[in-house]
Amino acid sequence: MDVAAGKLLLEVVTPEDLILSEEVDEVTAEGVEGDFGVLPGHINFLTALRPGTLAYRIGTSTTRIDIPGGIAEVLDNCVTILAASRA
């Protein structure tokens, strides 16, 4: 999927299904080493997530979802959250 300029593609997946696939402006999550935020153009990285809240912003609207922990991958303006299950 091509991502619009200035946007991130956020995907949240579990072994059962794709929970969310959305173009967003910003993502924040709770990593095991501390909280982090991702904006378009962010450096690529991979980190473990602790159970907590994943937040994403589209324009001025912020949405929060609970996640049970997992893995976050940031790669080429795509943020993929691999969660063990639905929260």
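**Loop, core and charged pairs of a predicted model**

Asparagine 77 is found in the loop between strand 8 and strand 9. Strands here are DSSP runs of E with at least two residues, and helices are runs of H or I with at least four, both numbered from the N terminus. The model is predicted, so local features need pLDDT of at least 70 and side-chain atom pairs need 80 or more, while totals for chains, interfaces and linings use all residues. Residues are numbered from 1 along each chain as its sequence is written, and side-chain values use heavy atoms, without hydrogens or water.

Asparagine 77 has a positive phi of about 60 degrees, although it is not a glycine. Aspartate 76 sits in the loop between strand 8 and strand 9 as well. Its phi is also positive, near 50 degrees, and aspartate 76 is not a glycine either. Most residues other than glycine have a negative phi. Asparagine 77 is partly exposed, at 27% relative accessible area. Aspartate 76 counts as exposed, at 61%. In these terms, buried means under 20% relative accessible area, exposed means over 50%, and partly exposed lies in between (1.4 Å probe, protein chains only).

Leucine 75 belongs to strand 8. With 41% relative accessibility, leucine 75 is partly exposed. Leucine 75 and leucine 10 are 65 residues apart along the chain, and their C-alpha atoms are separated by 11 Å. Glutamate 73 is also placed in strand 8. It is partly exposed, at 33% relative accessibility. Beyond its neighbours within four places in sequence, glutamate 73 is in contact (heavy atoms within 4.5 Å) with Phe45, Leu46, Cys78, Val79 and Thr80. Glutamate 73 and phenylalanine 45 are 28 residues apart in sequence, yet 5.9 Å apart from C-alpha to C-alpha. Threonine 80 lies in strand 9. At 14% relative accessibility, threonine 80 is buried. Residues up to four places away aside, threonine 80 touches Glu11, Val13, Ile71, Ala72 and Glu73.

The largest nonpolar core has 17 residues. Such a core is a set of buried Ala, Val, Leu, Ile, Met, Phe, Trp, Tyr and Cys residues joined through side-chain atoms within 4.5 Å. Leu10, Val27, Val38, Leu49, Leu54, Val79 and Ile81 have the most contacts inside it. At least two core residues come from each of strand 1 (8-13), strand 2 (18-24), strand 3 (26-31), strand 4 (34-38), strand 6 (52-58), strand 8 (70-75) and strand 9 (78-83). Strand 1 gives the most, with 3 residues. Leucine 10 touches Leu20, Ser21, Glu22, Val24, Val27, Leu54, Tyr56, Val79 and Ile81, not counting residues up to four places away in sequence.

Leucine 46 is placed in strand 5 (residues 45-49). It is exposed, at 61% relative accessible area.

The structure holds 1 aromatic pair. The rings of phenylalanine 36 and phenylalanine 45 have centres 5.3 Å apart and planes at 85 degrees, so the pair is edge-to-face. Rings of Phe, Tyr and Trp (its six-membered ring) pair if their centres lie within 6.5 Å; planes under 30 degrees apart are stacked, over 60 edge-to-face, and the rest tilted. Phenylalanine 36 is buried, at 17% relative accessibility. Phenylalanine 45 is partly exposed, at 23%.

The structure holds 5 salt bridges, each a side-chain nitrogen of Lys or Arg within 4 Å of a carboxyl oxygen of Asp or Glu. One joins aspartate 25 and arginine 57 (4.0 Å, N to O). Aspartate 25 lies in the loop between strand 2 and strand 3 and arginine 57 in strand 6, so the pair ties together parts 32 residues apart in sequence. Aspartate 25 is buried, at 14% relative accessibility. Arginine 57 is partly exposed, at 26%. Salt bridges link Lys7, Asp25, Glu26 and Arg57 in a network.

Arginine 50 forms a salt bridge with glutamate 30 (3.8 Å, N to O). Arginine 50 lies in the loop between strand 5 and strand 6 and glutamate 30 in strand 3, so parts 20 residues apart in sequence are tied together. Arginine 50 also meets aspartate 35 in a salt bridge (2.9 Å, N to O). Aspartate 35 is in strand 4, 15 residues from arginine 50.
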